Amino acid sequence: MNHFLPNRKESADEYLIPEYSDNPTHEFDNADKLMSFLEKNENYPNRVYWRNTDEENLNKHGMIFYTEDGAMIFGISRNTDMSGNLNTENEDLCLIEMKKYFDTNIGYIHYENPPAESYKKFVEIVNKLEK
C-alpha cells in the first residue's frame, strides 16, 4: 500500500469475521489486526479498503481482497471518464506498474466489480480476457 497509496485512511471502523456477519466470531478495530489474523487463517474471505487522502494522486482507493482459497488480490480504484470516451492509457500503465511491482504476469482492469472470490476464478478471468 505504501507504494501505490502512501497517504491513506482506512474506509471502515471495524472488521468482522465472517465478513458482514450479524454474529461474528472475531472483531477487529483496524486493518492491520485483521490482516495479521487473515495471514494466519487463510480460509476466511474478506476485503479491506483505504481511501487516498492525497487529492492529486490518480489512485483514489486501494484494496486487498482475501479470497476463499487463501490468496490475496490487490486492487486500485481510479476515477474514470464516464462520458463513453474512455482513455484507458493511464489505467493500462497502472496495471503494468502493479504487475511489475508484485512480480506477476496476471491481472486485469475492471470497472465497479470486486475480483473473483477465489484465485482459480481470478486466473480464469485473466485468461479469458487475454484471448
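Author: Y20 sits in the loop between β2 and β3. The model is a predicted one, and in it Y20 has a phi near 65°, a positive value for a residue that is not glycine. Most residues other than glycine have a negative phi, and most peptide bonds are trans. With a relative accessible area of 62%, Y20 is exposed.

The loop between β2 and β3 also holds P18. The peptide bond that joins I17 and P18 is cis, with omega at about -15°. The loop that contains Y20 therefore also contains P18, and E19 lies there as well, between β2 (15-17) and β3 (26-28).

E19 is the residue that links this loop to another part of the chain. Side chains of opposite charge can pair when their charged atoms come close. The side chains of E19 and R47 form a salt bridge, with 3.4 Å from N to O. R47 belongs to strand β4 (residues 46-52), so the pair ties together parts that are 28 residues apart in sequence. R47 is partly exposed, at a relative accessible area of 26%.

The structure holds two salt bridges. Besides the pair of E19 and R47, there is one between K33 and D29, at 3.1 Å from N to O. K33 is partly exposed, with a relative accessible area of 43%.

The place of D103 is the loop between α2 (89-101) and α3 (119-130). D103 is exposed, with a relative accessible area of 71%. T67 lies in the loop between β5 (59-66) and β6 (72-78). Whereas Y20 is exposed, T67 counts as buried, since its relative accessibility is 2% and the cut-off for buried is under 20%. Apart from neighbours within four places in sequence, T67 is in contact with E42, P45, I73, A116, E117, S118 and Y119.

Along the sequence they follow the pattern β-β-β-α-β-β-β-α-α. The loop of Y20 falls between β2 and β3, that of T67 between β5 and β6, and that of D103 between α2 and α3.

For overall dimensions, the C-alpha atoms fill a box of roughly 45 × 35 × 30 Å along the principal axes. A compact globule of 131 residues would have a radius of gyration near 14 Å, and the 16 Å of the chain agrees with this. Of contacts between residues at least 6 apart in sequence, 39% join residues at least 24 apart. Buried residues make up 33% of the 131 residues, with T67 counted as buried.

On the charged side chains, 14 are positive and 25 negative, and the centres of the two sets lie 3 Å apart.

Notes:
Residues numbered from 1 in each chain as written. Predicted model: local features only at pLDDT ≥ 70, side-chain atom pairs only at ≥ 80, totals over all residues. Heavy atoms only, no water. Helix = DSSP H or I, 4+ residues; strand = E, 2+ residues; numbered from the N terminus. Rg over C-alpha atoms; globule rule 2.2 N^0.38 Å. Buried < 20%, exposed > 50% of the residue type's maximum accessible area, 1.4 Å probe, protein only. Contact = heavy atoms within 4.5 Å. Lys, Arg positive; Asp, Glu negative; His and termini not counted. Charge placed at Lys NZ, Arg CZ, Asp CG, Glu CD. Salt bridge = Lys/Arg side-chain N within 4 Å of Asp/Glu carboxyl O.
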